[in-house]
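Visitor: I would like to learn how to read a few side-chain and backbone features. Please take them one at a time.

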Amino acid sequence: MRLSTTACLCPFLMCLCFIQRFSGASHLSSSAKVPARNHTKLANGETEVHHRPKRGWIWNQFFVLEEHIGPDAQYVGKLHSNSDKGDGSVRYILSGEGAGTIFIIDEVTGDIHATKSLDRERKSHYVLHAQALDRNTEEALEPKSEFIIKVQDINDNAPKFPDGPFAATVPEMSALGTSVFQVTATDADDPTYGNSARVVYSILQGQPYFSVDPKTGVIRTALAEMDREAKEHYAVVIQAKDMAGQVGGLSGSTTINITLSDVNDNPPNFPQKNYQLYVPESAQVGKPVGKIKANDADVGVNAEIKYSIINPEGAAMFSISTDKDTREGVVGLKKPLNYERKKTYTLHIEAANTKLDSRFSYSGPFKDTATLKITVGDVDEPPVFSMDYYIMDVYENAAIGTEVGAVTARDPDSRNSPVRYSMDNSVDGVRYFSIDEQRGVIKTTQTLDREDMPWHNITVMASEVDNPSLLSHVTVTVQVLDVNDNPPEIATDEEVIVCESSRPGQIIQTITALDKDDFANGKRFSFALPSEIPVNPNFTLKDNEDSTASIIARRRRFNRLSQELYELPIVVWDGGEPSLSGTGTLTLRVCPCQRSGRLRTCQGEAFLSSAGLSTGALIAILLCIVILLAIVVLFITLRRSKKEPLIISEEDVRENVVTYDDEGGGEEDTEAFDIIALRNPAAAEELKFRRDVRPDARRRGGGRGGPSRGRPSPSSSLELNQVDVQEFIKHRLVEADVDSSVPPYDSLQTYAYEGQGSPTGSISSLDSPEAHSEQDYTYLDDWGPQFQKLAELYGEEELEVVT
């Protein structure tokens, strides 16, 4: 391939090398040979292999200047093939980016022109493809090749500061050359070509305070120790110019607003050294009485000031604090002023900075002092009591007019006017007391009762006789002392529950007493039974000597059926001087109890409480039951009054089945029925008795073999104890079947027999001797509710024997 050019500039040659390397051209010089085998793309897409060792592409290096504004299209370059003989048989075709719109080619000559003005900053190069065809056959004479048209840069963009304007701060009093801020300008031109994008910086405004580095754009202080208090804000204008600052270069500028930040380089200062202040003696303690201020040229925390009173005399009477908003020193009063005692005070006040900067310690102490002279003004003051409050005491039941105490007040002014006393009528305690107007003596007007009101609060007022409008108030508290005037009492509202199974010596309940008097007169109690009453056979009382007493049972058991309620009078004495006594009567109710841990509850009470029934409701229920029973009895009576035949037909054969299924109180116990029924049923009907009463040997009848309806002989009891009961029953059944004294119909008698072998043993009274047993049956209480009734029966018999 042969190379022809229109220019010989070195930059163009460098770009040509770049284009040729980028495009992948296979020939770089005029002496290069075409490869032995070329691949040509045909119109139909097929590839034809040509053996043209001496043919190749010939074109110019392609560059185009941006921003071309000429009237004609800008010439770019020329395409030429070795196969072109100049006879117009070769047709050149251009394709790729911008082909036909931006770039056009002459099909005959191969000349390329740019029809539009190009901008390198928008697009820096275009990739195109060139092809040479035979005009007659449309066959490719050269393989399709790629090349680049590069847009050559010109200086058409000025430097810019995209984020401006800027703001920066630097501490005041900074050293020379302190870095403040750095600016950076951007240039859209090509930085690799010429000086179009080479920027230098300069300062247009802000001298002589600041300077800028021309290459880096760093702004620095140009003067040492700039004072914020002299000038705080600066506007610095920086310019950026391309072409390395040469003439003809483009430029841009921006503004940097620089502020000097404050440092504590100024001490506080009082505008004057002496101040005066007038304060009346009536000024309230804790309230401000005046202000004083020291100036500080600094701002923020560097201007914070702390005030203090440095002389002890002034600090004892006055205080000073700093107002955060105004930075003033607020003078307050610590103690009341008294014109008659001291008329003037001198305060030495110091103002000092709270935040110090060691760099400026050479300037001296950052504090200042001033003198404040305070003059106390005379004011007519109300009377002053000798005490802030008074506490007095008086015994209850004291006579009317008894002196309780006295209050004292005086005029604090120099003229010392007389004082008049009175009481505040709005307070409730006034009706119990009065006060002497001249002496301030307080006396009772009514009889006091400590139990009704132990404390009385009254307010006493004092006023000057010459000026009654000036009043002073003081609180007087009167304590009513106790006198032993209330006898002790025993709480008798609740009934005391006594269990039927109580034993002698058992504690029924522990009681205490109540006393309205004070602890010193009523909290040490002693108890006893009345001496004028005979000894109580059922209960006794034990004084526990700790203000309590215990009620103790004296008998073994109680029977609710025989007596349910007991009354026990008790006398109690208090420990006062003189000692008082009171008598109270306790009601003790006998109830069958059950054990629930340590707590015993009355079954009857528990039932009533659980049912939630009142006495009226119980009465109504009982009345309803009585009415229902009366109706039932009436109905049965009416049915029996009907007429029935007196003669029973002989054909009326009835079978009488008599069943005995009552097992009695326990295993092998025959108390459920009488054994005499096996011998003489007629005699057994006459000897029926209550099953809830313990059987007695004297009440048992004899059988047929013994005396009829009489007491059994000792031999009969012995015979019954020795004969097997089961065999005995079988024998009696046989006798009953053949006995002629029975009714004319069959009678079946069934006796339930449970046999022997109870682990508890027999509790039958058949084996008991005729004499009374001395055995203690209290262990039956522990067997459970099944044996509770049996324990009560034996307990009643034992009680009757003892009685």
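Guide: Lysine 342 lies over the face of tyrosine 345, 5.2 Å from the ring centre; a charge sits over a ring if NZ of Lys or CZ of Arg is within 6 Å of the ring centre and within 35 degrees of the ring normal. Lysine 343 is likewise placed over the face of tyrosine 339, at 4.7 Å from the ring centre. This is a predicted model, in which local features need pLDDT of at least 70 and side-chain atom pairs count only at pLDDT 80 or more, while totals for chains, interfaces and linings use all residues. Residues are numbered from 1 along each chain as its sequence is written, and side-chain values use heavy atoms, with hydrogens and water left out.

Visitor: How many aromatic pairs does the structure hold?

Guide: Rings of Phe, Tyr and Trp (its six-membered ring) pair if their centres lie within 6.5 Å; planes under 30 degrees apart count as stacked, over 60 as edge-to-face and the rest as tilted. The structure holds twelve such pairs. Phenylalanine 270 and tyrosine 307 form a tilted one, with 6.4 Å centre to centre and 55° between the planes.

Visitor: Where do phenylalanine 270 and tyrosine 307 lie in the chain?

Guide: Strands (E, at least two residues) and helices (H or I, at least four) are DSSP runs, numbered from the N terminus. Phenylalanine 270 is in the loop between strand 17 (251-261) and strand 18 (274-280), and tyrosine 307 is in strand 20 (residues 305-309), 37 residues apart. Buried means under 20% relative accessible area, exposed over 50%, partly exposed in between (1.4 Å probe, protein chains only). Phenylalanine 270 counts as buried because its relative accessibility is 2%, and tyrosine 307 counts as buried at 4%.

Visitor: What geometry do phenylalanine 539 and tyrosine 566 have as an aromatic pair?

Guide: Their pair is edge-to-face, 5.6 Å centre to centre with 80° between the planes. Phenylalanine 539 lies in strand 38 (residues 539-543) and tyrosine 566 in strand 40 (residues 565-573), so the pair ties together parts 27 residues apart in sequence. Both phenylalanine 539 and tyrosine 566 are buried.

Visitor: Which peptide bond to proline 165 is cis?

Guide: The cis bond runs from glycine 164 to proline 165, with omega near -5°. Proline 165 is in the loop between strand 10 (145-152) and strand 11 (166-171). The bond from glutamine 207 to proline 208 is cis too, with omega near 5°.

Visitor: What is phi of glutamate 138?

Guide: Phi of glutamate 138 is near 60°, a positive value in a residue other than glycine. Glutamate 138 counts as partly exposed, because its relative accessibility is 33%.
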